[in-house]
Amino acid sequence: MGATTSALAATDKVTCDWLTQALREGGVLSTGAVLACDERNNGAFNSTIVHLTLTYSDDAPYDAPRRLLLKRNLDIDWAVESARDEAAFYQTVMQIDPQPPSIVPCYLAIFDAQRRASSLLLADVSASHREPLTRDDLLCGDSIPDETALHQAIDALADVHAYWWGRPELDSVFPLSNWTGDEARFTAHVERRQREWQQFLAAEDTEFPDDLRPIYDHALARLPGLWHAGLGARMSTPRRLTLAHGDCYLTQFLVPREGVTAPTYLVDFQSATVDMPSFDLSLMLAAFCSREQRQHDDHELRSLRRYHDQLLAAGVRDYTWDDLLAEYQLALSILLFYPVWDETNGSPRTYWLPKMRCLAAAYEDHCMIGPLSHRPG
């Protein structure tokens, strides 16, 4: 992706003049100016986020946004690349009228390649919205939100996927996932995962849980053949692909607070790629959910059913329930190796091991025992 240029530079210091110009570029401050700005830091761990409360001159529009969120990237290679892609995502969204569903309004998105710096200026909806779950909730195993919030998140994800389904931007703006496109790209992805596995074993072999070894042995043996076992047919057919969020944990949603009537939002588009819709669903429903949580009251099955119903209601055609289950299985075969990557990139054991256990159980259920549609009862 390549972010659209702006007359402004990515900022290290917030000033009233910078904000005034940014909001004029964003089309929400035709007259007047920002006179004062109060700042409050946010505890985000993978970016720098500041909440801004603005005071305007008397001649500013009455509906100019008073509460904003300024997001800037960390100076780490992966964060710089993600910031570049997220700026390009919002630049694309800002040019579409009407705006796509479930996306927080964005007023400025810039990326300076020389400085390795980005600035995103977004509406701050924290007064009206909340996370269904926090990162701490996921890590301690509290992985299922209340039913209302869960349904809101599932419906919002289906609406996002339906909106981008087959749109021309998928061919020209957004990057392909590492396993999308052709067999050569997929083969390179497999080779990368095999290298990461060897790195992982070199660091964790004696500490690696014995009960997980047969699952990873099965997945590693099966991984090279996935392209001809169904993945290639799906990833080479654009009509089955959409814009996937790519980091779609339930922590990435903002649902309306009690008593508030408003859309549910999906945030942090740092990893958005062209992919199967099931990739996001697998992260959402399996990455931090234990087998017991997924199977209790048919949580996983009912969530997948709700998503598929909403996807069809939003206008997607020629995507059957069996298509979704087959792609969910394929996505789990790839996602199983994400915790391996996490470990080799320095994530703490308290993060990657719970995620690994949950994904391994989901892989075992769907790819070794069989998909949901093939089970008795």
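Let's start with Arg234: at 14% relative accessibility, it counts as buried (under 20% relative accessible area is buried, over 50% exposed, in between partly exposed; 1.4 Å probe, protein chains only). This is a predicted model, where local features need pLDDT of at least 70, side-chain atom pairs count only at pLDDT 80 or more, and totals for chains, interfaces and linings use all residues. Residues are numbered from 1 along each chain as its sequence is written, and side-chain values use heavy atoms, with hydrogens and water left out.

What does Arg234 form a salt bridge with? Glu327, with the closest N and O atoms 3.2 Å apart. A salt bridge here is a side-chain nitrogen of Lys or Arg within 4 Å of a carboxyl oxygen of Asp or Glu. Arg234 sits in helix α8 and Glu327 in helix α12, so the pair ties together parts 93 residues apart in sequence. Helices are DSSP runs of H or I, at least four residues, numbered from the N terminus. Glu327 is buried too, at 0%.

Next, Arg291 and Asp365. Their side chains meet in a salt bridge, 2.9 Å from N to O. Arg291 is in α10, Asp365 in α14, 74 residues apart. Arg291 is partly exposed at 26%; Asp365 is buried at 2%. The whole structure has 24 salt bridges.

Last, packing. Helices α4 (residues 147-164) and α11 (residues 299-313) pack at about 40°, axes 8 Å apart. Axes are lines fitted to C-alpha atoms over the stretch in contact, and angles run from 0 to 180 degrees between N-to-C directions.

Definitions and conventions
Helix = DSSP H or I, 4+ residues; strand = E, 2+ residues; numbered from the N terminus.
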